Amino acid sequence: MFQPAYGSLTRGLDLKAGQALLIRGGTSTVGLSAATMAKEIGATVLSTTWHADRADELRAMGVDHPVVADGRLAEKVRDLVPQGVDAALELVGCTVLPDTFGCVRVHGTVCVTGALAGGWSILDFTPFMIPSGVRLTSYAGGAADLPADVFTRQLQAVAEGRPRAPTASVHHGLERVRDAQAGLESGTTPGKHVVVLGG
């Protein structure tokens with residue numbers, strides 16, 4: 001979760017301190033990791049959830065503005081950032097991409113990294129779907145995009161309690177894998193479902 005979050009923010013979006021970032025799919029583990037990393041960079045973070053009762057979970061991860069994605073996302077984002085955000089990390093996927101475009105300022109960037117909703121392509125795509133002046137990119141890098149020193153700093157920060165690693169549940173023993181998978185598929189608790197083997 002650290003690697004795609006870091007790669008998306010740095011290589012995909014070139015996020016800088018003082019910029020405003022929108023994370024679509026904010027309660028996913030990559031979204032939660034990206035929020036904590038973006039705060040360390042010095043960005044203002046807006047992050048989406050489908051459920052209003054999860055806003056506090058996003059705030060606990062450092063999100064400045066949790067936003068309920070209810071079909072009026074661009075309007076809500078522009079109430080908070082009138083000119084539009086500088087960067088948008090798209091983890092929900094192509095099914096919501098047109099809505100995400102409406103949240104981004106001229107010369108801002110949208111980086112598609114995931115497809116939580118299952119849509120990996122846009123039917124009848126045309127470049128003219130992209131608003132004039134908005135940049136579209138993607139991120140699908142590998143482990144080499146997360147430098148060892150950055151990963152070490154991230155692990156140290158987690159050990160110190162900043163940021164809090166997004167963990168949904170911890171299960172002990174191989175026989176609990178089924179429970180962990182059921183929790184993952186339910187989608188009701190954000191974070192990783194961890195299975196600890198051995199002592």
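Helices (H or I, at least four residues) and strands (E, at least two) are DSSP runs, numbered from the N terminus. In those terms, Asp14 sits in the loop between helix 1 and strand 1 (20-24). The model is predicted.

**Helix 6**

- Helix 6 covers residues 148-159, and at 1.5 Å a residue its 12 residues should span 16 Å; the C-alpha atoms at its ends are 16 Å apart, which agrees.
- Val150, Gln154 and Ala157 are the buried residues of helix 6. Seen down the helix axis, these buried residues fall within an arc of 65 degrees, so they line one face of helix 6.
- On the face turned away from that buried side, helix 6 carries the exposed residues Ala148, Thr152 and Ala159.
- The packing partners of the buried residues of helix 6 are helix 1 (2-12) and helix 2 (29-41).

**Second largest pocket**

- The volume of the second largest pocket is about 220 Å³. It is lined by 11 residues, and those closest to its centre are Tyr6, Glu40, Val150, Arg153 and Gln154.
- At least two lining residues come from each of helix 1, helix 2 and helix 6.
- Helix 6 makes the biggest contribution to the lining of the second largest pocket, giving four residues.
- By residue class, the lining of the second largest pocket has six nonpolar, two polar and three charged residues.
- Val150 and Gln154 are among the buried residues of helix 6, and both are also among the residues closest to the centre of the second largest pocket.

- The buried residues of helix 1 are Phe2, Gln3, Ala5, Gly7, Ser8, Leu9 and Gly12.
- These buried residues pack against two helices, helix 2 and helix 6. They also pack against strand 1, strand 4 (85-90), strand 5 and strand 6 (135-138).
- Asp14 follows helix 1 and has a positive phi, near 50 degrees. Asp14 is a residue other than glycine.

**Strand 5**

- His107 belongs to strand 5 (residues 104-112).
- Phi of His107 is positive, near 75 degrees, and His107 is likewise a residue other than glycine.
- His107 counts as partly exposed because its relative accessibility is 47%.

**Thr27**

- Thr27 is placed in the loop between strand 1 and helix 2.
- With a relative accessible area of 16%, Thr27 is buried, because buried means under 20%.
- Thr27 and Gly7 are 20 residues apart along the chain, and 18 Å separates their C-alpha atoms. Gly7 is one of the buried residues of helix 1.

**Pro98**

- Pro98 is in helix 5 (residues 97-101).
- The relative accessible area of Pro98 is 47%, so Pro98 is partly exposed.
- Between Pro98 and Ile122 the sequence separation is 24 residues, and the C-alpha to C-alpha distance is 9.9 Å.

Note on methods
Residues numbered from 1 in each chain as written. Predicted model: local features only at pLDDT ≥ 70, side-chain atom pairs only at ≥ 80, totals over all residues. Heavy atoms only, no water. Expected span 1.5 Å × (residues − 1). Buried < 20%, exposed > 50% of the residue type's maximum accessible area, 1.4 Å probe, protein only. Arc of directions from axis to C-beta. Contact = heavy atoms within 4.5 Å. 1 Å grid on protein atoms, 1.4 Å probe; cavity = no way out; pocket = protein on both sides within 12 Å on 5 of 7 lines; lining within 4 Å. Points joined across faces, edges and corners; volume = space filled by probe spheres on them. Nonpolar A, V, L, I, M, F, W, Y, C, P; charged D, E, K, R; others polar.
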